[in-house]
Every structure is written in C-alpha cells, then in structure tokens.
Amino acid sequence: KVGTAEDGGVDLDDLRAKATDEVACLMLTNPNTLGLFDEHIEEVAATILFATLSQGGLALDRAIIDHLHLNHRFQVGPRSAERLKLDISKAYEAASNDLAVSVKGSDMASGLPSILSLPASEFRRVWLRFVRDVAATVREALARTSPELARDVLEGGIHLTGDAARTALLGLTISKEVGVPVHLSPEPEFRVARGLASYVTA
C-alpha cells in the first residue's frame, strides 16, 4: 500500500521507497477514491515502469538462460532466449512435451558457436515455477483489493496483457489459483503501449 500525499495524490517519496525489483505492477485509479486527478500521474507511471522493466516475461527469459548455462554450459543472449521461450510455449500448448526445441549460442567448453537441441519437457520445472509465481502474485493482489474491485474482477475476469501473456499454461494456472476466468487480450504485446498512447493523446 502506498501512502497519500497532503494534496490527496500519491506520496511519491513513499512510492519510490516501495518500488523495488519485487514490484510487478501498481493498481491506480485516476481520479482516485477522493475524486481527485493525480497531478503527478506521469511520474508515478515512470517510477513503476523502471521498477518493473526486469519483471514479467523477462524473468522467464533469465531463468532459461540460467538453466542452459548451469546444466549445459551453453550461453545464449536475451533474443535467443526469447525465441526459445516462444518455441517451448508452442510445444506446451500443443501438449508436445517431447518435441525438440533448438537454440543458437556458444558452447562454453569450446568457445565456439553451436546449436543445442533439447526436449521441451526439460524446461518444465523452470516453466511451472514461473507461472506459479505469477499466479501467486495475482492471488495476493486480489486478496488486498476492495470488495467493489474484487466483484468487477469476478464478473469480468482477468485480462492478460504484455509479452508474457502468451506464455503457455499461465492463464490456466492463474484461473485455477484465483478461481476466476482469465482472458488473453488481442495482440497482448501491444496493449500496454496502446493504452499509454491513448492516455497521452486524450
């Protein structure tokens, strides 16, 4: 919970102190519950943006990179990890856990470029840890929401946005954890940017 400033808006100092790398999002209404429009809304959005840049789907990318590094002495970059994540997600959606997925990178033993092929099932533990962590965060956030907002979520469900929204098993896991329907927004990777654009041009 973030404190309120004397003018009724968000206490920016309190927000900065609490915007650690453990923050995934900030739920904010504008106007707020006092009927006021926050004059510092852009600074509030920027603070949360910088605190969450390393979260979301990037956390799964890092987990994949670490898995390859520790278990196969194989090094890949962020873009390769992203492509591998999408390939694994497609395999899980098709229930093809034994489907081989390939990634280009560097063999750390030889130092030479190489291609590593592995069954998608090898990443199952890493994958489930990620989706369960996200689901647990959603459940905790809902437990702290007001009854009115909880009612809206129960009626309309949860809409996934952002690049990680396409992560296989994520919506299903969240739905099981919190007991509400979960929907994948159209073109989820662009929804946040389009929402911000609509706000700026409004």
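Two strands pair if DSSP finds at least two bridges between them. The model used in these exercises is predicted.

**Exercise 1.** Work out how strand 1 sits in the sheet, and which residue stands opposite Gln75.

*Solution.* 
Step 1. Count the bridges. Two bridges join strand 1 to strand 2 (residues 100–107), and the two run antiparallel.
Step 2. Find the partner residue. Gln75 stands opposite Ser106 in strand 2.

**Exercise 2.** Decide whether Leu116 is buried or exposed, and list its contacts.

*Solution.* 
Step 1. Locate the residue. Leu116 is in strand 3.
Step 2. Apply the cut-off. Buried means under 20% relative accessible area. Leu116 has 17%, so Leu116 is buried.
Step 3. List contacts beyond four places in sequence. Leu116 touches Leu68, His72, Phe74, Val101, Ser102 and Val103.
Step 4. Check one distance. Leu116 and Ser102 are 14 residues apart in sequence, yet 5.5 Å apart in space, C-alpha to C-alpha.

**Exercise 3.** Classify the pair formed by the rings of Tyr92 and Trp127.

*Solution.* 
Step 1. Take the geometry. The ring centres are 5.2 Å apart and the planes stand at 90°.
Step 2. Compare with the cut-off. Planes over 60 degrees apart count as edge-to-face, so this pair is edge-to-face.
Step 3. Tyr92 is in helix 4 (residues 78–93) and Trp127 in helix 5 (residues 124–143).
Step 4. Check burial. Tyr92 is buried at 6% relative accessibility, and Trp127 is buried at 0%.

Note on methods
Residues numbered from 1 in each chain as written. Predicted model: local features only at pLDDT ≥ 70, side-chain atom pairs only at ≥ 80, totals over all residues. Heavy atoms only, no water. Helix = DSSP H or I, 4+ residues; strand = E, 2+ residues; numbered from the N terminus. Buried < 20%, exposed > 50% of the residue type's maximum accessible area, 1.4 Å probe, protein only. Contact = heavy atoms within 4.5 Å. Phe/Tyr/Trp six-rings, centres within 6.5 Å; stacked < 30°, edge-to-face > 60°.
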